[in-house]
Amino acid sequence: MSIATYDLASLTYDTATTSYDGSGAGLSNMPVVGVFISFTDGPYVYEPTWVEVTQYVRDINVKRGRGNDLQQFPSGSANLTLDNRTRIFDPFNTASIYYGNLKPRRQIKIVGQYNSITYPIFRGFIAGWPVGYSDGGKDSTVQIDCFDALGLLAAEKPETSLEAYIDTLSPVAYWKCDENVTQTSLKDTYATKTAIAAPSGFPAFIQVPSTARGFHTTAAYSRKLNSTTNGYLTIEGGAAGAGSVSFWAQGQIRPGLSTQSYSVEFTWEAVGVIFSVAEGAGNVFATAKYGSNTRTYTDSTTTQIAFSTPVHVVINRFSSLQAQVFVNGVLYVFDASSSSPGIAGDTTILFAQFEGCAVQHVSMHNRVLTQTKITTLYQFGQNLFNDTTSGRTTKNLATSSFPSSLTSVETTAVQPVADVNDNLTILQKLQSNAISEGGEVYVDSSGVVSFVDREYFGDTRSAVSQVSFTDTGTGVYYDHANLRLQYDADQVRNSINIQFSNDANYLTIDPVSVASYGAASEDVQTILGTPDSASSLGLRLVTIYKNPKLRVDPFMVKGQRNPTYDFPLLLSLELLDRFTFIRTPSTGSAISQDMLLQSIEHRITPGTWETVVNGSARFTGWFIIGTSLIGGTDVLL
């Protein structure tokens, strides 16, 4: 990694003196800017080779954050003007030392150094290299637009969705099993049948109870539930008796039992493979039956079968009667018995019986699936079953090409999510998880994708004020000449409808707020897995948004007025940091408002450095000095 020179004599920002708020201040009172580009490495390299280009920079504008707390954080941006009079940044100039490496999405980082401390300001990616000419062609610039990691993730989808990949395997039948729990039919990609619905405890799976353990048919390619007998999901056909079935399954406590007890059985007429797990029994085993011959496989060390959490299972049955069992991509092999297995009937019929299990993404095939295809099925399916918001976020990020070293996911984000969110970009999935959690996803100044839980406002930097912005006294001074304070109901929400798994809804209303300010509704689409989690999120949001809060328009700060105090504070500010805003009018009481940082903008030109700050009081209590009481009604948290 290249090291910044920070040689004031060689930088664009080399102005002898500049006036700030009527006071003369030399360049030595400003942070020194460093701009670095990685010309030779791609966008996914964690530690690329950086080349400093600060001496060519004419101006910089960096903006990260959102307009208000009702929005999701968008991709941050940086805009720079590069001096191109020598055509060094012209991608069509073969004489440029960077020719062939002036490519879109090359990495860029901007830092500021003050008092020998380096602060990150922005890390992201260059959108392109637009060359412009002015002054009769005597001047040339390249004005590059940059975006952060959220912009990169907004353009990326996983290689394919699980559903799309299953379709490429040409299954005889495929049940996605994510229908509404109240429906009486299952959607089959290749045919239509009636079936039972899942109970409320398993919204992302189709439950097959012990009274009707599967689906039964007597006609080829016809699937119909027979609820009076032990049912089977059957497929007739296959090359010389070969076939396979793939699915995700999770066990539950069956009615009338105090412990989990469940099994999955696959039978080719009299030939079958049975999985059986008893919670608390201390053993995990699989049994292969061939007619009257039974073989048991037990592994208490590395490859255990446990249906208490969702597992992926594939059963291959060869025409030679050999069976292959894959659990989470790991192969179990059961060879045919040396004695006659006693097979009777049509061996081309495959039966799949589920007892006490919830199942999802069930696909049946009239051929054997290879190890590669099974591994791919498992990898695509890992982030589809019931999960926590942090677990799902980690898995979503793992499906991207973005380096894990530039991600941070709080493991305390544990709201249950269930719905399958295929065919979305990585960013859309991350934002869906953040909405479901009631947390946030954003990119910090060093380029790290950060996912925080719903209690982020109680974290260290969000719980304790990092800086005070003031118009008098101690603190960082801001421009209050054109300041506007607002108190309205524009961002009040007192009726919130949480949409959650299986197209269900949970409505939370605060009647007192509705009576006081009128109805202000919001639909929040989540992938939450239970009514309780939807109720909890709805109550939380209504509590936070039901009353108006003081709003302060974005305000300007010029750290040059008191640089040794101001700049270390301004350069270290991060999104969602708590700060204190103080306004002291000429008459009446002063206003002191704690806020969380929603956006920050740095406008840098030769000799000037302006910072625009925007905050929200939605997650903090606020006081009017001399008026508010501790614990009073104007304090939210």
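Analyst: Of the 637 residues of the protein, 54% are classed as buried; buried means under 20% relative accessible area, exposed over 50%, and partly exposed in between (1.4 Å probe, protein chains only). The model is predicted, so local features need pLDDT of at least 70 and side-chain atom pairs count only at pLDDT 80 or more, while totals for chains, interfaces and linings use all residues. Residues are numbered from 1 along each chain as its sequence is written, and side-chain values use heavy atoms, with hydrogens and water left out.

User: How many helices and strands are in the protein?

Analyst: The protein has nine helices and 42 strands. Helices (H or I, at least four residues) and strands (E, at least two) are DSSP runs, numbered from the N terminus.

User: What should I look for in the phi angles?

Analyst: Most residues other than glycine have a negative phi, and most peptide bonds are trans. Here, Ser 116 has a positive phi, near 70°. Ser 116 belongs to the loop between strand E7 (107-114) and strand E8 (117-126).

User: Which residue in the loop between strand E9 (131-134) and strand E10 (139-147) may I examine next?

Analyst: Asp 135 lies in that loop. Asp 135 is not a glycine, yet its phi is positive, about 55°.

User: Are Ser 116 and Asp 135 buried or exposed?

Analyst: Ser 116 has 68% relative accessibility and therefore counts as exposed. Asp 135 is also exposed, with a relative accessible area of 57%.

User: How does one read a sheet, for instance the one that contains E27, E30 and E29?

Analyst: One begins with the pairing: two strands pair if DSSP finds at least two bridges between them. In this case three strands form an open sheet in the order E27-E30-E29, with mixed pairing. Strand E27 (407-409) and strand E29 (440-443) are at the edges with a single partner strand each, so one side of each has no neighbour in the sheet. From one strand to the next, the twist averages 10°; axes are lines fitted to C-alpha atoms, for helices over the stretch in contact, and angles run from 0 to 180 degrees between N-to-C directions.

User: How many bridges join E29 to strand E30, and what packs on the sheet?

Analyst: E29 and strand E30 (residues 449-452) run antiparallel and are joined by four bridges. Within this pair, Val 443 stands opposite Val 449 in E30. H5 packs on the sheet and touches E29 and E30, its direction making about 25° with that of E30. Helix H4 (residues 389-398) lies across E27 and E30 and runs at about 160° to E27.

User: What is the strand order in the sheet of E34, E35 and E36?

Analyst: The order is E35-E34-E36, in an open sheet of three strands with mixed pairing. Strand E35 (504-509) and E36 stand at its edges, each with a single partner strand, so one side of each is without a neighbour in the sheet. Direction ignored, neighbouring strands of this sheet are turned by 15° against each other on average. Six bridges connect strand E34 (residues 495-500) with E35, and the two run antiparallel.

Methods. Contact = heavy atoms within 4.5 Å.
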